[in-house]
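Subject: Structure handover

Hello,

Please find the structure below, followed by notes on what was found in it.

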Amino acid sequence: MISTLQAFLIQAAKEQTEQQITVSKRIEYPFKIRALSMDEWERIQKLSTDPETHRVDNIGMLRRTAIEGCLDPNYKDAEFIKAIGANTPDEALKKTLKAGEIVKLANAVLKFSGFGESVEEARQEAQD
């Protein structure tokens with residue numbers, strides 16, 4: 001017999017995993033974001049950690065989180081990257097958004113993924 005918690009988790013797994021947010025007053029169009037899976041979060045952490053010093057690049061984590069969690073605009077779309085005059089998703093992100101907008105976008109993705117309000121809180125929660 002399925003428990004109440006199991007029934008809840010089955011239903012929650014079917015819920016919408018996309019959301020629209022406003023990044024700033026400067027950009028009048030909403031951004032479409034999605035929640036990150038645990039596998040994606042672990043990959044972002046690994047890519048943002050120096051293997052020798054084990055130091056975490058929090059800014060790199062923010063940028064990777066924004067890129068992975070943003071569906072529209074799709075910062076991994078080769079045509080979009082080329083049209084902006086960038087070579088990578090990271091360059092496209094930095095060319096199109098101001099620093100605070102990147103932080104707001106990444107923090108919205110983290111919050112929608114079940115973490116706290118910031119990359120540091122998310123890192124701490126994931127390690128606990």
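A polar contact here is a pair of N or O atoms within 3.5 Å; within protein, one must be able to donate a hydrogen and the other to accept it, and residues adjacent in sequence count only if both atoms are side-chain atoms. By that rule, the side chain of Ser24 makes a polar contact with the side chain of Glu101, at 2.6 Å. The side chain of Ser24 also reaches the backbone nitrogen of Arg26 at 3.3 Å.

The model is predicted: local features need pLDDT of at least 70, side-chain atom pairs count only at pLDDT 80 or more, and totals for chains, interfaces and linings use all residues. Residues are numbered from 1 along each chain as its sequence is written, and side-chain values use heavy atoms, with hydrogens and water left out.

Overall layout

The protein chain has 7 helices and 3 strands. Helices (H or I, at least four residues) and strands (E, at least two) are DSSP runs, numbered from the N terminus. Read from the N terminus, the order of elements is α-β-β-α-α-β-α-α-α-α. Of the 128 residues in the protein chain, 34% are buried. Buried means under 20% relative accessible area, exposed over 50%, and partly exposed in between (1.4 Å probe, protein chains only). Among contacts with a separation of 6 or more, 53% are between residues 24 or more positions apart. Contact means heavy atoms within 4.5 Å.

For the angles, axes are lines fitted to C-alpha atoms, for helices over the stretch in contact, and angles run from 0 to 180 degrees between N-to-C directions.

The axes of H3 (residues 58–69) and H6 (residues 99–112) come within 8 Å and cross at roughly 65°. The two helices are therefore roughly perpendicular to each other. In this scheme, angles under 35 degrees count as roughly parallel, over 145 as roughly antiparallel, 65 to 115 as roughly perpendicular and the rest as oblique. On the H3 side the contact is made by Leu62, Arg63, Thr65, Ala66 and Gly69, and on the H6 side by Ile102, Val103, Leu105, Ala106, Asn107, Val109 and Leu110. By class, these are 8 nonpolar, 3 polar and 1 charged residues. Ala, Val, Leu, Ile, Met, Phe, Trp, Tyr, Cys and Pro count as nonpolar, Asp, Glu, Lys and Arg as charged, and the others, Gly among them, as polar.

H3 also meets H5 (residues 89–96): the axes come within 10 Å and cross at roughly 95°. That makes H3 roughly perpendicular to H5. Arg63, Ala66 and Ile67 of H3 touch Pro89, Asp90, Leu93 and Lys94 of H5. This contact has 4 nonpolar, no polar and 3 charged residues.

H2 (residues 38–47) packs against H3 at an angle of about 145°, with the axes 9 Å apart. Glu40, Trp41, Arg43, Ile44, Gln45 and Leu47 in H2 meet Met61, Arg64, Thr65 and Glu68 in H3. The classes here are 4 nonpolar, 2 polar and 4 charged.

Individual residues

Ala106 sits in H6 and is buried, with a relative accessible area of 0%. Leaving aside neighbours within four places in sequence, Ala106 is in contact with Leu62, Thr65 and Ala66.

Ser24 is in the loop between strand S1 (18–21) and strand S2 (31–34). At 15% relative accessibility, Ser24 counts as buried.

Ser113 lies in the loop between H6 and helix H7 (119–127) and also counts as buried, at 19% relative accessibility. The side chain of Ser113 reaches the backbone nitrogen of Leu36 at 2.7 Å and the backbone oxygen of Val109 at 2.8 Å. Not counting residues up to four places away in sequence, Ser113 touches Arg34, Ala35 and Leu36.

Backbone exceptions

Most residues other than glycine have a negative phi, and most peptide bonds are trans. His54, in the loop between H2 and H3, has a positive phi of about 65° although it is not a glycine. At 60% relative accessibility, His54 counts as exposed. A cis peptide bond joins Asp72 and Pro73, with omega about 5°. Pro73 is found in the loop between strand S3 (70–72) and helix H4 (78–84).

Regards
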